[in-house]
Amino acid sequence: MMIKIQGVEEKDLRPLQHIIDMYNMHAQLKISPETAEEAVIAFTETEIRDYIEVKAVFSSNDAEVLKESFQKHAPRDLADKEKRKRAKQARSHVLVKLLNTWTKTVQPWGTLTGIRPTKLWHSLYRDGMELESIQTYLQNDYLVTPEKTALLEEIGLRQHHVLPDLYDLANGVSIYIGIPFCPTKCAYCTFPAYAINGKNGSVETFLEGLHIEMEQIGNWLRKTGVPVTTIYFGGGTPTSITADEMDALYAKMYEVIPGIHHVREITVEAGRPDTITPEKLEVLSKWSIDRISINPQSFDNQTLKAIGRHHSVEETKEKYDLSRKMGMKNINMDLIIGLPGEGEKEMQHSLNETEQLLPESVTVHTLSFKRASTMTKQKDKYKVAEPDEIEKMMKQTADWMKTHDYHPYYLYRQKNILGNLENVGYSFEGKESLYNIIIMEEVQSIIGLGCGAASKWVHPQTKKISRFANPKDPVTYNNHYEEYTHKKITALDELFNNQSGIKAGTKV
């Protein structure tokens, strides 16, 4: 379907297309100077005193004509850039209202198409807006439903409870260490995940490069006195490597990261139960790492086989019990809403199984069709639930979490996410992942080490965000890690060149 649009410039089209995409209409926007047979949206924009008013008329093959308008406060002395931003918001508001009426649906996140709606909540809260006013503003201006504004408030306040210095972390860093190997690659996955015995470079060579990268970043941290808040081992699956390789990696971390005993949290994803062994758990205990992820995704063996996870439900339970017996006191589990062939019945079964284990935290993902995943490339092969059922499964899960004393503490969204919903991290009191909060709210720079690791720079003063990514495949990483490490250190020097008085080990 083609929706023709009038009254906007080419540069204004992309955010409107993002909104169209939320409705799963499989429609493309095209600027048209004249009325056409296809659906047409005609925008007009005028300045009225200290406001910008955006109006639109939407006609669908002349069968129905819908009209909407929205005024956005924009004083005459406002900078042009800010005025354009407010006009964009007004156009988005009008378009959502039109499409809600036309499709007889309600988008739970209104005009918000970004990944981090909690960042908007924090910006309003940090500016001193009262909680009730924040809810009213989000509902009236951004058309976010009351349920979602209440969720944002609950998460925002929880994050402040967990990290009272949330807005003051920019003088420190967190570290992400990527291990790009997995036993197999899941159908929905787009993360760097290469076969442990595959053709994409040896694990041994990769780890040699990673050790050197860690040493050089550690030297920079020691020289500058910039403290480390959290460390997160992700991937891939960090427990894909051997117990001896894990032991050497953590020994190197303790050797080169200054103030390591003051780091607030160290997490190791052991997401694939088929990679967990007693020997590896002993290594984790040896280095005082007790926060791990063991991710079932589903407690249905047929689903696990369909999505390419080579472990069984029984193995998940077995490895969970083993981890408990061997001292793991903070275990996260991931569940995915909307996996192929699953509906409310299957979701309830997974929740019932989770109830027998009660991990300290549960991250509930809504399935997203990521562009480069096998599932997206072979979409016809993977049948998933309709948006209405996905929404019911989300509510079913949220109700279960509340009943079992889990509270939501972080949230993010993705493109092409089913039902235009969200991913939510739940935890017991005091068991929240600090790293997840920090990276989602973008309050601190993340130094990415290893294959496929992305660094995110948050300027300590301006809060401007930029990114720098390591190579995604092990061979390229092995050939160029020295070059990339040098570039990272140069970027860090520029980022922190005006910082002083920060001592290694300071609680930041």
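Domain bounds in this tour come from an automatic or database domain assignment. The model is a predicted one, in which local features need pLDDT of at least 70 and side-chain atom pairs count only at pLDDT 80 or more, while totals for chains, interfaces and linings use all residues. Residues are numbered from 1 along each chain as its sequence is written, and side-chain values use heavy atoms, with hydrogens and water left out.

**The two domains**

Select residues 1–105 and then residues 162–495. The domain assignment gives the former as domain 1 and the latter as domain 2. Taken over C-alpha atoms, the centres of domain 1 and domain 2 are separated by 38 Å.

**Salt bridges**

A salt bridge here is a side-chain nitrogen of Lys or Arg within 4 Å of a carboxyl oxygen of Asp or Glu. By this rule the count comes to 26 salt bridges. Helices (H or I, at least four residues) and strands (E, at least two) are DSSP runs, numbered from the N terminus. Residues are called buried under 20% relative accessible area, exposed over 50%, and partly exposed in between, with a 1.4 Å probe and protein chains only.

Select glutamate 45 and arginine 91. These residues form a salt bridge, with the closest N and O atoms 2.9 Å apart. The pair links distant parts of the chain, since glutamate 45 belongs to strand 3 (residues 40–48) and arginine 91 to helix 2 (residues 80–103), 46 residues apart. Glutamate 45 is partly exposed, at a relative accessible area of 44%, whereas arginine 91 is buried, at 7%.

Next, select lysine 252 and glutamate 255. In this salt bridge the closest N and O atoms are 3.5 Å apart. Both residues lie in helix 7 (residues 243–256), three residues apart, which is about one turn of the helix. Lysine 252 is buried, with a relative accessible area of 11%; glutamate 255 counts as exposed at 53% relative accessibility.

Then select glutamate 442 and lysine 456. Their side chains meet in a salt bridge of 2.9 Å, N to O. Glutamate 442 is in the loop between helix 14 (434–441) and strand 16 (445–450), and lysine 456 is in strand 17 (residues 454–458), so the pair ties together parts that are 14 residues apart in sequence. Both glutamate 442 and lysine 456 are buried.

**Charged patches on the surface**

Patches are made of residues with over 30% relative accessible area and no salt bridge; like charges are joined within 9 Å, and nonpolar side chains (Val, Leu, Ile, Met, Phe, Trp, Tyr) within 5 Å. Accessible areas come from the Shrake-Rupley method with a 1.4 Å probe, and for residues only the protein chains shown count as cover. Lys and Arg count as positive and Asp and Glu as negative, while His and the chain ends are not counted. The place of a charge is taken as NZ of Lys, CZ of Arg, CG of Asp or CD of Glu.

Select Lys81, Arg84, Lys85, Lys88 and Lys464, which form a positive surface patch. Lysine 85 lies in helix 2 and is exposed, with a relative accessible area of 56%.

For a patch of negative charge on the surface, select Glu147, Glu386, Asp388 and Glu391. Glutamate 386 is in the loop between helix 12 (374–377) and helix 13 (387–403), and is exposed at a relative accessible area of 57%.

**Loops and backbone geometry**

Select tyrosine 167, in the loop between helix 5 (146–162) and strand 6 (173–179). Tyrosine 167 is partly exposed, with a relative accessible area of 22%. Arginine 126 is 41 residues from tyrosine 167 in sequence and 8.3 Å away in space, C-alpha to C-alpha.

Most residues other than glycine have a negative phi, and most peptide bonds are trans. Select glycine 235 and glycine 236, which are joined by a cis peptide bond with omega of about 15 degrees. Glycine 236 lies in the loop between strand 9 (228–235) and helix 7.

Move to leucine 143, which has a positive phi of about 60 degrees although it is not a glycine. Leucine 143 is in the loop between helix 4 (131–141) and helix 5, and is buried, with a relative accessible area of 16%.

Finally, select serine 288, a residue other than glycine with a positive phi near 60 degrees. Serine 288 is in the loop between helix 8 (278–286) and strand 11 (291–293), and counts as exposed at 61% relative accessibility.
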